[in-house]
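Here is a short briefing on a protein model. Keep the sequence and the 3D view at hand as you read.

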Amino acid sequence: MPIITTRNQVNIPIQGARPYVQAYVKVINNDTSSGTCYLKGLVNNGNQQTAFAEDLFFVNAGEVINRTYDVAYDNFQINAVFSKVGIEVVFYGIDINGQYIPLGTENVDISRITSDIRAVSSATQVENYAVISFRRNLAFANPNGVAAAVYVEGFDILTRNPVRYTLILGGEVDGTFTLYPTVTTQIPASDTVLEVNTTCTVVTDGRVITQGTMSGLAGAFVNTSVNLIEEGVTLRMEDVDVITLVIDSLMDELDIVVAFRMLEQW
């Protein structure tokens, strides 16, 4: 999932006029299939970033999409996250005379994909089974000295029976959140901002982000992979968020193996 940013643009007025009155973004899909793009404009004044624009949209093959934002801020930046390497995103600042000035960009490396895996076989609880939950470790000290951005990447489900999956943001989760490394996933605690809960069974409240169904095959496991970015769901986890994957069996028992993946950008 490519990520680029303009980094901070100094836009302090000079002799009463700002260098840029608007920012212009052109998104071009050079690929042969559709993709998604997520734009976020940030004001960098003061001690805390605030958003001035947020845009998520599909880009069909060969399509060109333009966005224009007012930028009456002393410091601003725009970030772009897109689902395919064939998508091109370019940025311009527009001055008071209507001149378009190209804004430089930098690629943002994704430090890691953080995941965990859990097998569940339950003959008693077959509905609303909270399988894996993630939250941020608020005590984490990023070695790069910057805040980490965390996005839900997707999950794989191995199942013998037809099931329904639901991704829930927020709510109260039972079980225990732990630091990495875990029994199934060897990731040093210094390499991830996340804590994981693989002992949960129930989540109450929260809101549904996405859901779906998948079939099983008697006597054998069937694997289904879900990539939320490709589905147009770009969900960034904030400091207080908890994200939980819940499974419901559509038969009389639950027999699954789940791998849940998160993207961390430093």
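This is a predicted model: local features need pLDDT of at least 70, side-chain atom pairs count only at pLDDT 80 or more; totals for chains, interfaces and linings use all residues.

Residues are numbered from 1 along each chain as its sequence is written, and side-chain values use heavy atoms, leaving out hydrogens and water.

**The sheet**
- Five antiparallel strands form an open sheet in the order S16-S12-S21-S14-S18.
- S16 and S18 are the edge strands, and each pairs on one side only.
- Neighbouring strands here are turned by 15° against each other on average, direction ignored.
- Strands (E, at least two residues) are DSSP runs, numbered from the N terminus.
- Two strands pair if DSSP finds at least two bridges between them.
- Strands S14 (163–169) and S21 (242–249) run antiparallel and are joined by seven bridges.
- Tyr165 stands opposite Ile247 in S21.

- Most residues other than glycine have a negative phi, and most peptide bonds are trans.
- Asn128 is not a glycine, yet its phi is positive, about 55°.
- Asn128 sits in the loop between strands S11 (110–122) and S12 (129–136).
- Asp205 also is not a glycine and has a positive phi of about 65°.
- Its loop runs between strands S17 (203–204) and S18 (207–214).
- The Tyr180 to Pro181 peptide bond is cis, with omega near 0°.
- Pro181 lies in the loop between strands S15 (172–173) and S16 (194–197).

**Exposure**
- Buried means under 20% relative accessible area, exposed over 50%, and partly exposed in between (1.4 Å probe, protein chains only).
- Asn128 is partly exposed because its relative accessibility is 46%.
- Asp205 has a relative accessible area of 65%, so Asp205 is exposed.

Key: Helices (H or I, at least four residues) and strands (E, at least two) are DSSP runs, numbered from the N terminus. Axes are lines fitted to C-alpha atoms, for helices over the stretch in contact, and angles run from 0 to 180 degrees between N-to-C directions.
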